[in-house]
Amino acid sequence: MSQLPLKSPLASLVSEGMNSTVESLDNLSMDSFWLEVENIKQSAEAEQEECSLADVKTQEEGEAEAEWLQDAGLSDLLGDHASENDNIVLLSTLTKTQAAAVQRRLDTYSRSRRRKNKHPVRDVRDIFGVVSSEETAAEKEESSPDQLWHNLRTSSAQRTETQEYFCTVRNPGKEEVFNMDVAYSEQAAVLLKGSFLSESRKLKDGNALTKFKIPKGRLGVTRIGDLSAQDMKKIPTLALIELTALCDILGFELKRNKAAKLKTTEKRLFGVPLNTLLENDQKLLPNTKVPLLLQALLSCLEKRGLETEGILRVSGSQTRIKSLEQKLERDFYTGLFRWDEVHQNDVSGLLKRFIRELPAPLLTAEYLPAFAAVQNIPDLKQRLQALNLLILILPEPNRNTLKAILEFLSKVVARENNNKMNLWNVSTVMAPNLFMHKGLPNKIPEGKEKQLAEGAADVVRMMIHYQDLLWTVSSFLVAQVRKLNESNSKRYQFCDKRIKNLLRKIHADKDKVEKNQAEPCKVVKAHASLLLKDSLEVRLNNATRAADVLRQFQKNLCQNGWNIVNTVNLLKCNNSMECTNLLLYEVGGNIGERCLDPDTYLLDLYHINPHAEWIIKQNPSYPRMF
């Protein structure tokens with residue numbers, strides 16, 4: 001379990017915050033964690049596994065920045081004569097803190113190139129625009145990390161001497177707002193200018209977790225899966241830039257591992273890359289998003305294991321588990337494997353083994369250190385912000401697989417009274433399986449084992465408890481995707497001055513909504529070509545929501561005596577006003593496709609995306625086969 005080093009003058013304060021977390025979790029047993037670590041070691045030793053790894057070489061100065069710029073979709077900035085057009089489109093959507101994060105990495109890369117006597121790269125000012133010396137000095141004074149930390153420490157010194165810094169657990173048990181309209185890094189910058197952690201308190205009850213609520217704006221909430229694949233491809237790039245900006249503000253260095261190269265395996269299930277598993281499974285069942293083997297393991301445990309005392313914690317027989325693995329490799333795809341004959345503790349052992357045997361960590365080799373380092377952020381809300389961005393950065397197969405596992409773990413916790421596995425028990429058992437991997441060096445500083453173990457378990461606990469929040473796409477990211485789509489479609493040739501102006505207008509969409517709310521109503525058409533030939537005419541006003549349109553559509557079907565039933569019986573009217581089987585999408589304009597939250601106010605959405613079509617579709621369903 002690797003850890004990101006702190007680089008800011010706030011290191012001592014964060015350390016104190018982490019110590020408080022450790023103290024607060026003393027009453028929560030870590031026995032399950034260390035028992036699971038021992039089981040993993042015994043399993044590996046029994047099989048005498050060897051792992052062929054690529055040597056992890058220390059990167060030269062500028063290499064990490066070059067890789068970051070490539071992953072952030074800004075690789076053209078590394079060339080000497082590259083075209084700026086595509087990069088200008090992306091840069092034009094960035095907030096001030098995001099742009100600063102890009103600037104810092106371009107600065108570092110440029111310095112490294114000059115030291116190596118290579119051809120000079122373009123100056124950062126050529127990308128973000130030339131500004132006056134006075135403005136530059138003012139911005140440096142305002143946004144430089146050193147100055148921010150100086151301001152922070154100055155304001156800290158002015159507090160009462162009895163003020164302590166602990167892991168922030170604002171009002172445990174009470175509901176707090178989780179703002180997704182404003183970029184997280186911008187929120188953090190505002191906190192640094194004011195009173196940072198002013199309401200923080202010591203966490204006394206390890207099970208107390210603050211409740212957060214995402215306020216629904218006029219455009220509704222967007223979940224992962226609501227956006228088209230085309231739009232979702234833009235999200236990881238934007239999320240990486242935002243995560244880097246957030247870490248810069250908080251004073252953490254975002255370091256990433258290089259993917260380790262492992263020997264290929266002849267197996268078909270265990271030790272097979274997720275992409276390969278899904279490619280094979282999709283030949284049998286198109287649109288499969290989670291490996292069929294994992295679906296089968298989870299389904300078996302949900303049917304017969306949720307009530308089992310100590311499920312996940314009590315280890316099955318290693319001999320039986322190894323034998324079952326061999327039988328699965330042979331019989332799984334033929335349908336001859338008998339799940340009803342398998343002991344539930346052995347199935348849970350197979351589940352954990354499946355996770356550990358993946359050639360690369362489920363949280364990816366590149367970002368496993370970042371997931372582990374989340375524990376070092378003293379503020380709970382900011383830890384969740386970082387986790388949310390990391391989830392969005394994950395490749396789709398990893399993200400879908402992780403979600404399936406977390407949903408199962410939530411079901412285990414929900415049966416705590418019967419299986420004696422509370423949230424912390426489940427987290428301590430699963431943390432080693434997610435954060436320890438044979439393909440990565442396991443360098444733990446001496447004396448830090450307990451702190452890192454509890455921190456990893458706490459990260460797993462947050463992912464289980466807050467998974468609905470973590471699988472949400474922030475409104476500010478959706479707004480940036482819209483701007484990218486608009487810019488790409490219009491092919492603007494932005495000048496430096498225009499880029500600078502656009503960087504200051506991240507909330508332009510919100511301003512448009514307020515400006516156009518005076519328009520009383522608008523008549524649009526909602527299409528349902530897969531259900532009906534005719535379109536539904538909808539009169540919009542400030543109170544019209546997506547749910548209202550779906551009810552109107554369902555009502556029209558029923559009043560006309562229609563009863564639509566397709567071969568899989570997805571939709572029945574039956575004189576019911578319910579429309580849970582129907583969804584409303586916005587398609588085209590400045591978005592590829594987006595499934596609308598039922599509480600989306602459609603007149604506001606029309607002003608944001610006037611060229612989109614609105615389409616009513618049946619709710620897609622992906623039932624498990626096992």
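Which side chains meet in a salt bridge with Lys-450, and at what N to O distance? The side chains of Lys-450 and Glu-454 meet in such a bridge, at 3.0 Å from N to O, where a salt bridge is a side-chain nitrogen of Lys or Arg within 4 Å of a carboxyl oxygen of Asp or Glu. This is a predicted model, in which local features need pLDDT of at least 70 and side-chain atom pairs count only at pLDDT 80 or more, while totals for chains, interfaces and linings use all residues. Residues are numbered from 1 along each chain as its sequence is written, and side-chain values use heavy atoms, with hydrogens and water left out.

**Overall make-up**

- The secondary structure of the protein chain comes to 27 helices and nine strands, helices (H or I, at least four residues) and strands (E, at least two) being DSSP runs numbered from the N terminus.
- Of the 626 residues in the protein chain, 52% are buried, where buried means under 20% relative accessible area, exposed means over 50%, and partly exposed lies in between (1.4 Å probe, protein chains only).
- The accessible surface of the protein chain comes to about 29,800 Å², and 48% of it belongs to carbon and sulfur atoms; such areas come from the Shrake-Rupley method with a 1.4 Å probe, and for residues only the protein chains shown count as cover.
- Among contacts (heavy atoms within 4.5 Å) between residues at least 6 apart in sequence, 80% join residues at least 24 apart.

**Salt bridges**

- The structure holds 23 salt bridges, and as a general point, side chains of opposite charge can pair when their charged atoms come close.
- Lys-450 and Glu-454 are four residues apart in helix α21 (residues 449-465), so about one helical turn separates them; Lys-450 is partly exposed, with a relative accessible area of 40%, whereas Glu-454 is buried, with a relative accessible area of 2%.
- Arg-353 forms a salt bridge with Glu-325, in which the closest N and O atoms are 2.4 Å apart.
- This pair links distant parts of the chain, with Arg-353 in helix α15 (residues 344-357) and Glu-325 in helix α14 (residues 318-331), 28 residues apart.
- Another salt bridge joins the side chains of Arg-338 and Asp-340 at 3.3 Å, N to O, and Arg-338 counts as partly exposed at 45% relative accessibility.
- A network of salt bridges links Lys-216, Arg-545, Asp-548, Arg-551, Asp-597 and Asp-599.

- Just after α11, Gly-251 takes a positive phi of about 90°.
- Helix α14 has 14 residues and reaches 20 Å from its first C-alpha to its last, close to the 20 Å expected at 1.5 Å a residue.
- In α14, the residues Ile-321, Leu-324, Glu-325, Leu-328, Glu-329 and Asp-331 are buried, and what covers the buried residues of this helix includes α13 (292-304) and α15.

**Cavities**

- The structure holds six cavities of 30 Å³ or more, a cavity being a set of points, on a 1 Å grid over the protein atoms alone, where a 1.4 Å probe fits but cannot get out.
- About 100 Å³ of space lies in the largest cavity, the volume being the space filled by probe spheres set on grid points that are joined across faces, edges and corners.
- The residues that line the largest cavity (lining residues have an atom within 4 Å of a point) include Glu-36, Ile-321 and Arg-353.
- The elements that give two or more residues to this lining are α2 (31-47), α14 and α15, and α15 gives the most, with four residues.

- Thr-364 has a positive phi of about 70° although it is not a glycine; Thr-364 has its place in the loop between α15 and α16 (368-373) and counts as buried at 8% relative accessibility.
- Lys-420, also not a glycine, has a positive phi of about 60°; Lys-420 is found in the loop between α19 (416-419) and α20 (423-435) and counts as partly exposed at 44% relative accessibility.

Technical notes. 1 Å grid on protein atoms, 1.4 Å probe; cavity = no way out; pocket = protein on both sides within 12 Å on 5 of 7 lines; lining within 4 Å. Expected span 1.5 Å × (residues − 1).
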